[in-house]
Amino acid sequence: MVTPRRIVVGAHYGLGSWLAQRITAVIMALYTLVLLVAFMSGRPMDYGGWRQLFQNGWMRVATLLFAVSLAWHAWVGVRDIVMDYIKPDGLRLGLQVVTIVVLFSYVGWTVQVLWR
Amino acid sequence: MSTAAAKRARPKYLHLSAILFEIRLPVPGFVSILHRVSGALLFFPFVAWLLYLLDTSLASEQGFARVHDYLRLPIVKLGLIVFIWAYAHHLCAGVRFLLLDLNKGVELAPARRSAGAVLVVSLALTAYFAWRIW
């Protein structure tokens, strides 16, 4: 009889994902507050002001941090959804690959918009 | 062991009508599934849509004007309101989950109250911003 010598499933990466999702959530919540303050400050938003807001160094970095957090957070979340509802392996893998491609595209697009 | 109970015919699956009308999800269950639905909606299409709007509005003065006019269309405002609800609900429910992770409000009664608060606050935020943009 073959007895398993080591546990081959459960590398505990679930805990890392769980923690990452929470840390990225806090980052995005803080960015949301900053953006709301910027919007609510009462300045009339014309093109110049809008452009200037996103040309600030700190705003670019904060927005990039937000985009990366969103991608990481959404990866954990969408992966959970796919694992819960999509049972056939091929389809599941395909959807996960599509998710990764979409999220990388979002981050790339954000970089392009911020540093034009 | 009671064999009678074990032999009693059990439903093999649930009718759609049972799922929709007979099983009532508790309020925290609603918050949970809406958190998932809103998260999926934010992933797609809303992030792509907003990135497109940010891109166009920052690219040029004409682009900014185009986005400005586009955002005046009633159908676009409706879409924006759905986005605001999804964002507000996902944020409020997320804060609640973070507090639950820290063992705050895990008893049944406070958990139900906070779930109700999430629904109410996110709808109130949606109503406020809907009023602001309309």
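Predicted model: local features only at pLDDT ≥ 70, side-chain atom pairs only at ≥ 80, totals over all residues.
On the H1(A) side, A:Arg22, A:Ala25, A:Ala29 and A:Thr32 make the contact, and they meet B:Leu91, B:Gly94, B:Leu98 and B:Asp101 of H5(B). Sorted by class, that makes four nonpolar, two polar and two charged residues. As for the spacing along such helices, an α-helix has 3.6 residues a turn, so residues three or four places apart point the same way.

Taking the two chains as a whole, 17 residues of chain B are in contact with 18 residues of chain A. On the chain B side, the elements giving two or more residues are H3 (27-59), H4 (61-70) and H5. H3(B) gives the most, with 11 residues. The class breakdown for this side of chain B is 10 nonpolar, three polar and four charged residues.

H3(B) turns up again next to helix H4 of chain A (residues 89-114). The buried residues of H4(A) pack against H3 of chain A (57-85) together with H3 of chain B; they are A:Thr99, A:Leu103, A:Tyr106, A:Thr110 and A:Val113. The length of H4(A) also checks out: at 1.5 Å a residue, its 26 residues should span 38 Å, and its end C-alpha atoms are 38 Å apart, which agrees.

Methods: Residues numbered from 1 in each chain as written. Chains lettered and ligands numbered in written order. Contact = placed C-beta atoms within 7 Å. Helix = DSSP H or I, 4+ residues; strand = E, 2+ residues; numbered from the N terminus. Nonpolar A, V, L, I, M, F, W, Y, C, P; charged D, E, K, R; others polar. Expected span 1.5 Å × (residues − 1). Buried ≥ 20, exposed ≤ 12 C-beta atoms within 10 Å, placed from the backbone.
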